[in-house]
Amino acid sequence: MRLLMLVVLVGCLAIAPQTARAFVFTPGDADLQDLPHEKYFKWGINFTLPEDHVVTYAAVVFHDIYNWTNEDNDRLWLHLLDNTSRGVSWGTDNEASGTWFAAPRYTQNQILLNEFANLPEGSGQAQDITYEFDAFERATLEGYAADGRIGLGLDPDCHFYNTGVQLQIETGIAPPVPEPTTIALFGFGLVGLAGLMRNRFRRGDPEGRGSKIGV
């Protein structure tokens, strides 16, 4: 039985991730000018996925964010961008609705992460908001990071005061995919051990000590 447990333990260790790493990125202008209505922002980040790693967690965090005032169509659009130059850049769009990062205006690779609608009004309602990437968004992040440059696009359609924005990423070693022959041999080994233990129990020797000779 101890041998069977050892085989199972070794098999589990062989497919378990070994190392995790955490990254936290903050723009040079930590609050992105408090995200005013009339601007849009591109925040480029240099990030290279560690070798043999995958993204296990990613999130954008807004610290102490609140809406200046509640009006119709108050939105904060958040995008993940590909191949973005490092640092923060911005432009003026003066739009009351919609996102600057939609085609045909923005033609680079990007996906919409979230559209925050009607966040609470006033400094007394300031709160931390965390947007966590789903599996598709994490996979897209991995693809965008292939050239070492990723980015976030933000388009506020109202004035969203805050004390800072962060991108958090955690990575881990991708579990190896066992070859079919390895899986088969592992399975046959378990079946054989189970059969051996069953035969011993039938002989009345559950601990496998063998028969005794003599009176």
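Start by selecting Tyr-40, Trp-100, Phe-101 and Tyr-106: together they make one aromatic cluster. Rings of Phe, Tyr and Trp (its six-membered ring) pair when their centres lie within 6.5 Å; planes under 30 degrees apart are stacked, over 60 edge-to-face, and the rest tilted. By that rule the count is 12 aromatic pairs. One of them is Tyr-131 with Phe-133, a tilted pair at 6.3 Å centre to centre with 50° between the planes. Tyr-131 and Phe-133 are both buried (under 20% relative accessible area; exposed is over 50%, partly exposed in between, with a 1.4 Å probe and protein chains only).

A quick word on what you're looking at: it's a predicted model, where local features need pLDDT of at least 70, side-chain atom pairs count only at pLDDT 80 or more, and totals for chains, interfaces and linings use all residues. Residues are numbered from 1 along each chain as its sequence is written, and side-chain values use heavy atoms, leaving out hydrogens and water.

Next, switch to cartoon view and find the open sheet: five strands in the order S5-S2-S8-S4-S6, with antiparallel pairing. Strands (E, at least two residues) and helices (H or I, at least four) are DSSP runs numbered from the N terminus, and two strands pair if DSSP finds at least two bridges between them. S5 (87–92) and S6 (110–117) stand at the edges with a single partner strand each, so one side of each has no neighbour in the sheet.

Now zoom in on S4 (residues 75–82) and S8 (residues 149–156), which run antiparallel and are joined by seven bridges. Pick His-79, and you'll find its bridge partner in S8 is Gly-153. Helix H2 (residues 135–144) packs on the sheet, touching S4, S6 and S8 (contact means heavy atoms within 4.5 Å).

Which residue forms a salt bridge with Arg-75? Select Glu-115: the closest N and O atoms are 2.5 Å apart (the cut-off is a side-chain nitrogen of Lys or Arg within 4 Å of a carboxyl oxygen of Asp or Glu). This pair links strand S4 to strand S6, 40 residues apart. Arg-75 counts as buried at 18% relative accessibility, while Glu-115, at 34%, counts as partly exposed.

Last stop: the largest nonpolar core, with 34 residues. Such a core is a set of buried Ala, Val, Leu, Ile, Met, Phe, Trp, Tyr and Cys residues joined through side-chain atoms within 4.5 Å. Phe-62, Leu-167 and Ile-169 have the most contacts inside it. Strand S3 (residues 53–67) gives the most to this core, with five residues.

Note on methods:
Axes are lines fitted to C-alpha atoms, for helices over the stretch in contact, and angles run from 0 to 180 degrees between N-to-C directions.
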